Amino acid sequence: MGVKNFINSVKESLGLDDFKKAGKKKSVRKLLKKLNEREEKILESLRKKPGKKEKKELKEELEIISLQIKKGKEILEKLNSRSD
C-alpha cells in the first residue's frame, strides 16, 4: 500500500475531512497518533463489557485499526530510511 493510499484510507476511516496536506512523514505521524488514540478508546469500550453485537463490532474495528497502525509504522520506517 502506498503512502497516499494509506493516508486516504485512514482519513476515510477516521472521518477526517479537513486534513491539511503536509510532508509525508508529518502526515503519517499525525495519522498514527490519531489511530493510537482511536485504539485506546476502543480498548476502553471493550473493558466496559459491552453486549455481544457491540463487542463484535468493536473487535472488528480494533482489528482494522491495528492493521492500519502496522502499515503506518512500516511506511514511516521506509520514509525515515530514505532520508538518512
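The secondary structure of the protein consists of 3 helices and 0 strands, where helices (H or I, at least four residues) and strands (E, at least two) are DSSP runs numbered from the N terminus. From the N terminus on, the order of the elements is α-α-α. The model is predicted: local features need pLDDT of at least 70, side-chain atom pairs count only at pLDDT 80 or more, and totals for chains, interfaces and linings use all residues. Residues are numbered from 1 along each chain as its sequence is written, and side-chain values use heavy atoms, with hydrogens and water left out.

Of the 84 residues in the protein, 30% are buried. Buried means under 20% relative accessible area, exposed means over 50%, and partly exposed lies in between (1.4 Å probe, protein chains only). The protein exposes about 6,500 Å², of which carbon and sulfur atoms supply 48%; accessible areas come from the Shrake-Rupley method with a 1.4 Å probe, and for residues only the protein chains shown count as cover. Among contacts (heavy atoms within 4.5 Å) with a separation of 6 or more, 59% are between residues 24 or more positions apart.

The structure holds 1 salt bridge, defined as a side-chain nitrogen of Lys or Arg within 4 Å of a carboxyl oxygen of Asp or Glu. The salt bridge is formed by E61 and R38, whose closest N and O atoms are 3.1 Å apart. Because E61 lies in helix α3 and R38 in helix α2, the pair ties together parts that are 23 residues apart in sequence. E61 is partly exposed, at 29% relative accessibility, and R38 is also partly exposed, with a relative accessible area of 25%. In general, side chains of opposite charge can pair when their charged atoms come close.

E39 is placed in helix α2. E39 is buried yet has no salt bridge, and the nearest side chain of opposite charge, K73, is 7.2 Å away. Not counting residues up to four places away in sequence, E39 touches L62, I65, S66 and I69.

Patches are made of residues with over 30% relative accessible area and no salt bridge, with like charges joined within 9 Å and nonpolar side chains (Val, Leu, Ile, Met, Phe, Trp, Tyr) within 5 Å. Lys and Arg count as positive and Asp and Glu as negative, while His and the chain ends are not counted. The place of a charge is taken as NZ of Lys, CZ of Arg, CG of Asp or CD of Glu. The positive patch comprises K26, K30, K33 and K34. Of these, K26 is found in helix α2 (residues 24–47) and is partly exposed, with a relative accessible area of 48%. The negative patch is made up of E54, E57, E60 and E63. E57 has its place in helix α3 and is partly exposed, with a relative accessible area of 45%.

K25 also lies in helix α2 and counts as partly exposed at 26% relative accessibility. K25 and V3 are 22 residues apart along the chain, and their C-alpha atoms are separated by 9.5 Å.

K49 is located in the loop between α2 and α3 (52–83). Although K49 is not a glycine, it has a positive phi of about 55°. Most residues other than glycine have a negative phi. K49 is exposed, with a relative accessible area of 74%.
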